[in-house]
Amino acid sequence: VGLLIVLPLSVMLAELFPTRPPTIGNKEVVVRRGFDGHFHVKAYVNDTPIDFLIDTGASFVSLAPSDAKSVGFNLDRLTYDQKMVTPSGTVMAARVSLKEVRIGSIRIQKVYAIVSRKEGIGSLLGMTFLNRLSGFAVEGNSMILKP
């Protein structure tokens, strides 16, 4: 006798596409741990999809130059006057304000971010976004973002 398990479509899609988090009952968003052991998520910055690594150790949301350009920033007009110490060394970055960052049902407006002068590890979803949530937690292989 076989066992049939029925899962909601949003949960099945999240398992197949880990960067597409499902929204659960109270509008919390669940992000599954990737194969590399990290939490990756597709967020919409000013309505542009950007792939982020969620980094609770990053003080700021950080956009890679290519992602900042796709969001609409003119990289030549930014002021790179912020010295940032990263695991890869010191880099210069520019302060920017993001109109909105959206993940599933969560929408945070006016998010402070930085744009690095050089391409690096990609875009990071840091504490300037995470601190605006009511909370977040890691439970096993899931990170729960609470609006």
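Reader: Which residues does Leu-145 touch, not counting residues up to four places away in sequence?

Author: In this predicted model, Leu-145 touches Glu-28, Val-29, Val-31, Ile-103, Ile-106, Leu-130, Leu-133, Gly-135 and Phe-136. Leu-145 is also among the residues with the most contacts inside the largest nonpolar core, alongside Phe-52, Leu-98, Leu-125 and Phe-129. That core has 33 residues.

Reader: Is Gly-135 buried or exposed?

Author: Buried means under 20% relative accessible area. Gly-135 counts as buried because its relative accessibility is 17%.

Reader: Where is Gly-135 found, and which residues is Gly-135 in contact with, leaving aside neighbours within four places in sequence?

Author: Gly-135 is found in strand E10, residues 135-139. Its contacts, with those neighbours left aside, are Ile-144, Leu-145 and Lys-146. The C-alpha atoms of Gly-135 and Pro-147 are separated by 7.3 Å, and the two residues are twelve apart along the chain.

Reader: How many aromatic pairs does the structure hold?

Author: One. Phe-60 and Tyr-112 form the pair, with 5.3 Å centre to centre and 75° between the planes. Planes over 60 degrees apart count as edge-to-face, so this pair is edge-to-face.

Reader: Which parts of the chain does the pair link?

Author: The pair links distant parts, 52 residues apart. Phe-60 lies in the loop between strand E4 (48-54) and strand E5 (61-63), and Tyr-112 in strand E8 (residues 106-116). Phe-60 is partly exposed at 25% relative accessibility; Tyr-112 is partly exposed at 28%.

Reader: What sits over the ring of Tyr-44?

Author: The charged end of Arg-102, 4.6 Å from the ring centre.

Note on methods
Residues numbered from 1 in each chain as written. Predicted model: local features only at pLDDT ≥ 70, side-chain atom pairs only at ≥ 80, totals over all residues. Heavy atoms only, no water. Phe/Tyr/Trp six-rings, centres within 6.5 Å; stacked < 30°, edge-to-face > 60°. Helix = DSSP H or I, 4+ residues; strand = E, 2+ residues; numbered from the N terminus. Buried < 20%, exposed > 50% of the residue type's maximum accessible area, 1.4 Å probe, protein only. Lys NZ or Arg CZ within 6 Å of the ring centre and 35° of its normal. Core = buried A, V, L, I, M, F, W, Y, C linked by side-chain atoms within 4.5 Å. Contact = heavy atoms within 4.5 Å.
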